[in-house]
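Subject: Structure handover

Hello,

Here is the structure for you to look at. Please open it first, then read my notes below.

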Amino acid sequence: MSSSYASAVTEQPVPVPSRTDALPLRTPDLESLRLLVLVADLGSLGRAAERLRISQPSASRRLSTLERGLGLVLVDRTRRGSRLTLAGQVVAGHARRVLDELDELLAGAEKLRARREAELRVAASLTIAEYLLPAWISELRGRRPELYIGLQVTNSEQVPELVESGEADVGFIEGPHLARVMSTRQVAEDRLVVVVDPGHPWARLREPLSARELSRAPLVLRESGSGTRQTLDRALHLAGCDRARPLVELGSTAAVRGAVIAGTGPSVLSELAVRGDIAEGRLVAVDVAGVDLTRELRAVWPTGRRLVGPAAELVTVARRAVTGGRTPRR
């Protein structure tokens with residue numbers, strides 16, 4: 001044999017088994033890992049099965065499946081008991097850490113759940129917060145005296161932002177429009193009324209005010225973004241009129257109400273806010289023809305998130321409050 005031929009033979013690469021030729025490892029299930037750890041601790045497959053409340057044949061099949069999935073022999077089974085192989089001891093060590101981490105995860109989740117069950121963060125528009133929420137919260141607290149409830153009061157335009165960002169668990173709004181896609185549920189209905197002080201010319205009208213007259217009159221109004229303002233503008237638009245003209249814009253229902261009582265000008269406010277003033281003669285309600293000033297009051301929460309716990313209970317309380325205690329329909 002020539003030296004060149006020998007060199008060519010000896011330089012041929014020796015085939016190395018490819019790792020991709022091996023069977024892929026299968027992720028073991030947690031109960032199989034628990035079984036392996038118990039076999040290590042108790043030295044018996046039978047006692048491990050008893051601890052897990054499964055039959056010994058079932059435990060044996062589970063262990064065999066674990067071994068096949070990992071491609072390792074983990075346990076030597078003898079008449080005197082079951083003993084982990086060296087590979088089994090290593091795998092059992094990893095399994096302990098996995099199970100410890102799982103226990104820590106579950107304990108942490110339970111603490112978070114308990115904390116969420118003990119507190120409720122609510123965002124609500126001004127009218128709802130002032131005239132409806134106190135009674136709803138009082139009833140919920142009667143059921144859950146340990147519950148902490150935090151309330152953020154803002155206008156209807158900002159409530160969905162607080163809920164979506166996680167600063168509130170549930171929100172309540174008055175406006176007809178939502179700037180973002182959210183889950184909603186009607187909890188009540190409200191009606192806006194045109195009000196003036198007793199000395200205003202509208203207080204002596206014999207015929208209802210027209211929609212056009214209302215749209216052309218300078219009004220004392222809530223700020224843009226409030227549910228009351230949105231409802232009024234929408235109602236005028238549907239009646240074929242321009243948006244309301246602001247004489248003064250104020251940031252709260254109480255401020256608007258006070259300005260109207262003082263004679264600043266007419267306004268459109270929730271009937272909830274002015275019912276007592278009308279009954280006692282401080283304000284006069286003015287009928288308007290051709291304008292629908294009713295509106296839905298709604299609970300809102302992020303789409304895709306299920307309403308649970310105290311938040312769901314508060315919505316149920318709110319809906320029952322306007323249905324005479326009957327379970328409301330969705």
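How many helices and strands are there in the chain? The chain has 13 helices and 13 strands. Keep in mind that this is a predicted model. Of the 330 residues in the chain, 41% are buried. Look also at contacts between residues at least 6 apart in sequence: 72% of them join residues at least 24 apart.

**The core**

Start with the largest nonpolar core, which has 33 residues. Leu-133, Trp-136, Phe-172 and Val-187 have the most contacts inside it. The largest share comes from H13, with five residues. As background, nonpolar side chains tend to be buried together in soluble globular proteins.

**The aromatic pair**

How many aromatic pairs does the count come to? The count is one. The pair is Trp-136 and Phe-172, with ring centres 5.4 Å apart. Their planes stand at 55 degrees, so the pair is tilted. Planes count as edge-to-face only over 60 degrees, and as stacked under 30. Trp-136 lies in helix H7 and Phe-172 in strand S5, so the pair ties together parts that are 36 residues apart in sequence. Trp-136 is buried, and Phe-172 is buried too.

**Helix H2**

Now move to helix H2, residues 30-42. This helix has 13 residues. From its first C-alpha to its last it reaches 18 Å, close to the 18 Å expected at 1.5 Å a residue. At its start, a side-chain oxygen of Asp-29 comes to within 3.2 Å of the backbone nitrogen of Glu-31. Which residues of H2 are buried? They are Ser-32, Leu-33, Leu-35, Leu-36, Val-37, Leu-38 and Val-39. When you read that list, remember a general point. An α-helix has 3.6 residues a turn, so residues three or four places apart point the same way. Just after H2 comes Gly-43, with a positive phi of about 70 degrees.

**The hairpin**

Next, find strand S1 (residues 75-78) and strand S2 (residues 81-84). They pair in the antiparallel sense over four bridges. Val-75 stands opposite Leu-84 in S2. The two strands form a hairpin, with two residues between them. Arg-80 sits in the loop between S1 and S2. Is Arg-80 buried or exposed? Arg-80 has a relative accessible area of 85%. The cut-off for exposed is over 50%, so Arg-80 is exposed. The C-alpha atoms of Arg-80 and Gly-43 are separated by 9.2 Å, although the two are 37 residues apart along the chain.

**Thr-253**

Last, go to Thr-253 in helix H11 (residues 253-261). Is Thr-253 buried or exposed? Its relative accessibility is 1%. Buried means under 20%, so Thr-253 counts as buried. The side chains of Thr-253 and Arg-222 are joined by a polar contact of 3.3 Å. What else does Thr-253 touch, leaving out residues up to four places away in sequence? Besides Arg-222, the residues are Leu-126, Thr-127, Glu-130, Tyr-131, Leu-269 and Ala-273.

Best wishes

Conventions: Residues are numbered from 1 along each chain as its sequence is written. This is a predicted model: local features need pLDDT of at least 70, side-chain atom pairs count only at pLDDT 80 or more; totals for chains, interfaces and linings use all residues. Side-chain values use heavy atoms; hydrogens and water are left out. The expected span of a helix is 1.5 Å times one less than its number of residues. Buried means under 20% relative accessible area, exposed over 50%, partly exposed in between (1.4 Å probe, protein chains only). A polar contact is a pair of N or O atoms within 3.5 Å; within protein, one must be able to donate a hydrogen and the other to accept it, and residues adjacent in sequence count only if both atoms are side-chain atoms. A nonpolar core is a set of buried Ala, Val, Leu, Ile, Met, Phe, Trp, Tyr and Cys residues joined through side-chain atoms within 4.5 Å. Two strands pair if DSSP finds at least two bridges between them. Rings of Phe, Tyr and Trp (its six-membered ring) pair if their centres lie within 6.5 Å; planes under 30 degrees apart count as stacked, over 60 as edge-to-face and the rest as tilted. Contact means heavy atoms within 4.5 Å.
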